[in-house]
Amino acid sequence: MKVIILLGSRNPEGQTARAADAVRKGIEAAKGQVETVFLPSLQIERCRQCDDSGWGLCRSEGHCVIPDDMAQLAAKVRAADALVLATPVYYSDVSESLRAFLDRLRRTGTHPSGHKDLDGKRALGICVAGGGGGGAPTCCVSLERIMATSGFEVWDTIPVRRQNLESKLPALKQAGYDLVQQAV
Ligand SMILES: Cc1cc2nc3c(=O)[nH]c(=O)nc-3n(C[C@H](O)[C@H](O)[C@H](O)COP(=O)(O)O)c2cc1C
């Protein structure tokens, strides 16, 4: 089973990365294959809302007109069996890099060709509030709605705050393990 972890933080040593790393360990313990992608290091523009209607090629052809790293990452996501979406909590919401990718991905799913291989894909969300610690539950609601409207099967959405990161690491590892094992 192949799992892609999409990280909406650019810090490989940060709190979101630590949470995602615990999930990675669980996936590996369950004999899953895993690849981690740091979204801010890719070039993924925000949606241009191409036409006056707000739509574009996403709706008519199932792909995006912008020639950046989106298409390659979308192909990788489609080829995976499951996804982990890990974001730092910004203003009680998901980070800009994760939002830019998911906003554009779910639009392509409105066309049958873009919809292919997204629907029913299992997704686990993790929201890490690393400042005051507030906003993780609100971020989870937002991320869960984005996952659902992208067509994913929401496996779970886990709120984490700076004050409980350490104690949540075992649960995050278990979630990664279960994500693979319960799919077999
Ligand atoms: C623009 C911005 C908004 C933020 N908003 C919140 C917030 O609402 N709640 C919170 O606890 N932390 C907030 N933070 C702190 C981040 O959650 C924290 O920096 C992040 O978890 C660190 O993750 P990282 O170590 O993976 O970079 C914010 C940080 C930034 C840059």
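Predicted model: local features only at pLDDT ≥ 70, side-chain atom pairs only at ≥ 80, totals over all residues.
Local features were taken at pLDDT of at least 70 and side-chain atom pairs only at pLDDT 80 or more, while totals for chains, interfaces and linings use all residues. Residues are numbered from 1 along each chain, as its sequence is written.

In soluble globular proteins, nonpolar side chains tend to be buried together. Here a nonpolar core means a set of buried Ala, Val, Leu, Ile, Met, Phe, Trp, Tyr and Cys residues joined through C-beta atoms within 7 Å. A residue is called buried if 20 or more other C-beta atoms lie within 10 Å of its own, exposed if 12 or fewer, and partly exposed in between, with C-beta atoms placed from the backbone. The largest such core holds 53 residues, and the members touching the most others are Val3, Ile5, Val23, Leu83, Val84, Ile126 and Cys127. Contact is defined by C-beta atoms, placed from the backbone, within 7 Å. Leaving aside residues up to four places away in sequence, Cys127 touches Thr87, Val89, Ala136, Cys139, Cys140, Leu143, Pro159 and Val160.

Helix α7 comes next. Helices (H or I, at least four residues) and strands (E, at least two) are DSSP runs, numbered from the N terminus. The expected span of a helix is 1.5 Å times one less than its number of residues. For the 17 residues of α7 (165-181) this gives 24 Å, which agrees with the 24 Å between its end C-alpha atoms. Within α7, Leu172, Ala175, Gly176, Leu179 and Val180 are buried. The cover over these buried residues includes α1 (15-29) as well as β1 (2-7), β3 (82-88), β4 (122-129) and β5 (153-161).

Two helix pairs can be described in turn. Axes are lines fitted to C-alpha atoms, for helices over the stretch in contact, and angles run from 0 to 180 degrees between N-to-C directions. Helices α1 and α7 pack with axes 6 Å apart, at an angle of about 40 degrees. This makes α1 oblique to α7; angles under 35 degrees count as roughly parallel, over 145 as roughly antiparallel, 65 to 115 as roughly perpendicular and the rest as oblique. Their crossing is right-handed, a term used if the near helix is turned clockwise from the far one by less than a right angle. Among the α1 residues meeting α7 are Ala19, Ala22 and Val23, and the α7 side includes Leu172, Ala175 and Leu179.

The axes of α3 (residues 70-79) and α4 (residues 96-108) come within 11 Å and cross at roughly 70 degrees. This makes α3 roughly perpendicular to α4, and the crossing is right-handed. Met70, Leu73, Ala74 and Val77 of α3 meet Phe101, Arg104, Leu105 and Thr108 of α4.

Some individual residues are also worth a look. Lys31, in the loop between α1 and β2 (33-38), has a positive phi of about 70 degrees although it is not a glycine. Lys31 counts as exposed, with 11 C-beta neighbours inside 10 Å. Asp117, in the loop between α5 (112-115) and β4, likewise has a positive phi, near 70 degrees. With 15 C-beta neighbours inside 10 Å, Asp117 counts as partly exposed.

Ser113 lies in α5 and is exposed, with 10 other C-beta atoms within 10 Å. Ser113 and Cys58 are 55 residues apart in sequence, with 9.8 Å between their C-alpha atoms.

Terms used: Contact = placed C-beta atoms within 7 Å.
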